Amino acid sequence: MSLLAAIRKLWHSIAPRSHSDVEEEFRSTLDAYQEDLIRQGLPEEEARRKARIDLGQPAAQNETYRDAIGLRLFDELGGDIRYGLRALRRNPGFAAVAVLSLTLGIGATTAMFSLIYAVLLHPFPYAGADRIMNPVIIDEQHPDEPSWFPLSKAQFDDLRLAAPVDSPLGFNNSHMEITGGALPEEIFGIYLTENAGTFFGVRPLLGRNIEPYDAENGGHSVVVLNYHFWQRHFGGDPHIIGQTLEINHAPYTIIGVMPRSFAFNDTTGVGDVYLPGSLMRGLFNVPYLTYIPWIKLRPHVTLAAANAALEPIVRQFARQHPERFPDHWHLALQPIIVPYQQETGRTLTLLVAGVVLLLIIGCANCSILLLARGRARQHELAIRSAIGASRWRIVRQLLVEAVVISCTGAVLGVAASYWLAKLPLLLSPDSFPAESVIRINAPILAFSVALALLCGILFGLVPALRLSRHDSASMLPGRQIGVVAAPAKHRWSVLIAAQVALTLLLVATAGTAIRSFLHLMQMPLGYDPANVMKLGIMLHTHDPGEWGRIQSREARTAYIEQIREKIASVPGVSTVAVGTDATPPYTGTESSFNIDGTRDREQPQARVMLVDQRYFAALRISVLEGRIWNTDENTRGDFIAVVNHAFATRYRSSFNTLALQLSIPGLTSKNHYQVTSAQSTAARQIIGVVGDARNDGVDRPVVPAIYVPYTAVMLPYVQFFVRTQGDPLTYLHAIRGAIASVASDQQISNGGFNGTFTLNEAIERDAQYSRQRLFSILFGVFSAMALALALVGIFSVVAYSVAQRTTEFGVRLALGAPRAHVLWVAARIALVSAAAGIVIGLAFDSFLGAVLAHWMQSAFAAGSLFAAAALLALSALLACLLPARHAIAVPPAEALRHE
Amino acid sequence: MYSPFPHRGEPLTKPVELPQGTLEMLILKAVSLGPLHGYGILLRIQQISGERLEILQGSFYTAIYRLERRVWIKGEWGESENNRRARFYSLTAAGTRQLKAETAKWTDMAAVVAGILNKKADEI
């Protein structure tokens, strides 16, 4: 038997018989019986009649058939759905408003769900991502700052053998440059142990992963590309596999391109390229390779058990290399999601609360619309019930109509959510893992379908129960003419009041979010970020010739100064300063220091920043006391320092700041670029105090800071702070040229952790700033939607009731009622319930203020609450009066003819 | 006058009302004796029962459709005794098994119930 025949047979056995087949069979039975009756002597006409009386009509037989095989419910539901769709088509205005109400709610909720799914439930593309741990060392003196620890190859192998470990991954980051092109380009490379392919379990987009055999012969010169790097540098060339990429003057064969979702590693920097770890031995000429480990645990191993099993092993490592570990520490395995969970979880909770409110408001709106429209449909429903429809049947019909609306809304909402879900990622990219990719998938679709059904039943049930509850007799004689109060009013008013109260809550939340964001924006920064750009450069660590030339401190300072001067000579550039790790609003390295050589029991900490004397002018940081060091002092790297106001206030209680001397042990590391003058053990003289510039984030208080000439410690990278006239980025090309005129192959960083951007961009990247902006924009959008929905609700209730009561108003006017009174009668219910809603909302909000303050880290302000209430009251009044106007606009005579 | 649908006013004998589900069993039995069209099944059941069963037309075809859906009987178009097209039903293998099982169950149950009902007071 062929497959086709098999399928046909299967279909035949499950498919219902055709309409005509059932009818023909029944007709043949009918005919046989009729003939029997004629044979028994009945006249033909009477036999025909009797057969039909006894057996029934052929036309009805198909219904009996479908009922018998259990299809009746489907048929009826299908009919209900068709009827519901027809009803919607007949009332396009009603349908559009109802569907739109739900589209907003369901779209926003689905978007949030897909965001949660992508960010919290499935943020990483790795196989067994929930078992991947980031082992960190917790310094017991500074438990808030867990640190990573490097492992040697031998230690790494020890770790591999530990009982709870499924497999470890080792990685090491390195700044590299792409050479061989016109200008060198800085990239971020990550060396991976060669088990990376199986550890991640991510299928490459093109080519292959790094595999264990890439470790042979000291490591194959191969490279796997990050998706974005591939897009940026190669324009997404699909034939890239097998081509050569020159990195640090050595050729590498491109063996693979990772998919977009793979962005290892978001915490320490996303790599542009991934290389076999064994290559490090040859490149760095080090006695042992070091790796930062990630550990994938075996399935069903608890965190506590794994911690207990690994702690002794790491203790052993600490005995081998005590210099890499703090004095008192313990090991903690951190699931890799942990860094995101806390802040992102809080952000998402707030947003979810917002969308759920929006959804409830949307549902309430649909209920109101259905109730309002239901009065126009009472006639139709009365007829249905009069000809035998049960109440359940009518409730079902109305519910199906509601579900038809909600499903239409869901379809549009899911489409909209695709874009909505990306909004938070665009607005606050640093709050979410780089690897979370928003996509519409089965769980999200299932969620939205469930949501649609739930909403349909939720908002459809009240109107359905209400409208199906009347005796047909009182309704049938036709619509009443005259002055009859509508009995269903109070249900609208409850819904409207609830809707208005919830809207007020959303509007007030939005107001608070916007206000605190504005507050954040207006906060004095202590420096002027406008028109200042940061340019990072990496000195030539990989070019032996160039590198050799700048090995002495003087040569390196001269080289940096030369570049600085060239940049300063570009027309339009006003000031150029040098600094390392000094980009506000988050600057400096937390270091301990001693005042006047005394060693306190509790060692004071301050942010140490390596800058030149022009830094303060470039960022417009004011000098409060004393002076800034001069050019000569800077070139020599004298033992002097400038402190900020916060430092002065903290330590002035016992000393005059300018008389203070301090030493910073962290700066006297075994570094041969270090100044080795007779002064090297001496303390630094504080020569000036400058104003507080934000150095711990835009919203956090300024912490004590010490500015030291950058020549004190020569790092292999520096940043230039360039103040220009107008947008600094427009000077980028000229500045590149200026740098190239000093050293043709000196690259400048583009993007990434050490990259080029303006100081305004640096503020926008601040976590608190971007989160606040996210809240203000999203809640602004939510509350605008909610407000629109609430107003539509009020508007349609008044409009419907005015349309229903045209006759009544005509009578009132004809009998001489003042127009203002009629207007009041028309708008009264909606106005009163809106007012009640505002009062309830105000009471509710002041109760919720404390809760919100906790979640949003900013409290409700009475101002924004009352502003929101006033806005709502005004717009509710408008929404009432606009349709109510029609009540008095109609001439009484026409109104009386209305029915 | 003969009719498979007795008039309520003038029953020949007292009609027996069928317990739930027994009509299906009777149809299986009727069909087991050879393929029959719908009207033929009706006549045969009437005939075997001595015309004492009252079969409501609605429930009759409903039962046929259900049996066909469960693949206990299968319908095929053929020619009737007076050269009309008619749908003939015959028992399938599953239907044969079902009839056997139902018959056994019914006989057992009838025997047990009859046994209990026929007990005299002194026998208990």
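How many bridges join strand 1 of chain B to strand 3 of chain B, and in which direction do the two run? Two bridges join them, and the strands run antiparallel. Strand 3 covers residues 85–91.

**The model and its confidence**

This is a predicted model, in which local features need pLDDT of at least 70 and side-chain atom pairs count only at pLDDT 80 or more, while totals for chains, interfaces and linings use all residues. Residues are numbered from 1 along each chain as its sequence is written, and chains are lettered from A and ligands numbered from 1 in the order in which they are written.

The predictor gives the complex an ipTM of 0.78 and a pTM of 0.70. The score pLDDT is the predictor's confidence in each residue, from 0 to 100. Chain B has a mean pLDDT of 79. In that chain, 81% of residues reach 70 or more. Helix 4 (residues 93–118) of chain B has the highest confidence there, at 90. Helix 3 (residues 57–69) of chain B has the lowest, at a mean of 82. Helices (H or I, at least four residues) and strands (E, at least two) are DSSP runs, numbered from the N terminus. Over residues 7–12 of chain B, pLDDT stays under 50. For that stretch the model has two contacts beyond four places in sequence. A contact means that the C-beta atoms of two residues, placed from the backbone, lie within 7 Å.

**The sheet of chain B**

Three strands of chain B form an open sheet in the order 1-3-2, with antiparallel pairing. Its edge strands are strand 1 (36–37) and strand 2 (73–79) of chain B, and each pairs on one side only. Helix 1 (residues 22–32) of chain B packs on this sheet and touches strand 1, strand 2 and strand 3 of chain B. The direction of helix 1 makes about 100 degrees with that of strand 3 of chain B. Such angles run from 0 to 180 degrees between N-to-C directions, and the axes are lines fitted to C-alpha atoms, for helices over the stretch in contact. Two strands pair if DSSP finds at least two bridges between them. Across from B:His37 stands B:Phe88, in strand 3 of chain B.

**Strand 12 of chain A**

Strand 12 (residues 532–538) is mostly covered, with six of its seven residues buried. A residue is buried if 20 or more other C-beta atoms lie within 10 Å of its own, exposed if 12 or fewer, and partly exposed in between; C-beta atoms are placed from the backbone.

**Nonpolar cores**

A nonpolar core is a set of buried Ala, Val, Leu, Ile, Met, Phe, Trp, Tyr and Cys residues joined through C-beta atoms within 7 Å. The largest one has 99 residues. Among those with the most contacts inside it are A:Leu358, A:Phe782 and A:Val500. Helix 25 (residues 767–804) of chain A gives the largest share of this core, 18 residues. The contacts of A:Val500 include A:Ala790, A:Gly837 and A:Leu872. A second, separate core has 65 residues, including A:Leu610 and A:Phe647.

**Where the chains meet**

Chain B gives 19 residues to the contact and chain A gives 15 residues. On the side of chain B, the elements giving two or more residues are helix 2 (38–48), helix 3 and strand 3. Helix 3 of chain B brings the largest share, seven residues. By type, the side of chain B has eight nonpolar, six polar and five charged residues. Here Ala, Val, Leu, Ile, Met, Phe, Trp, Tyr, Cys and Pro count as nonpolar, Asp, Glu, Lys and Arg as charged, and the others, Gly among them, as polar.

Most residues other than glycine have a negative phi, and most peptide bonds are trans. A:His249 has a positive phi of about 65 degrees although it is not a glycine. A:His249 lies in the loop between strand 7 (244–247) and strand 8 (250–257) of chain A. A:His249 counts as partly exposed because it has 13 C-beta neighbours inside 10 Å. B:Val71 also has a positive phi, near 60 degrees. B:Val71 sits in the loop between helix 3 and strand 2 of chain B. A cis peptide bond joins A:Pro584 and A:Pro585, with omega about 10 degrees.
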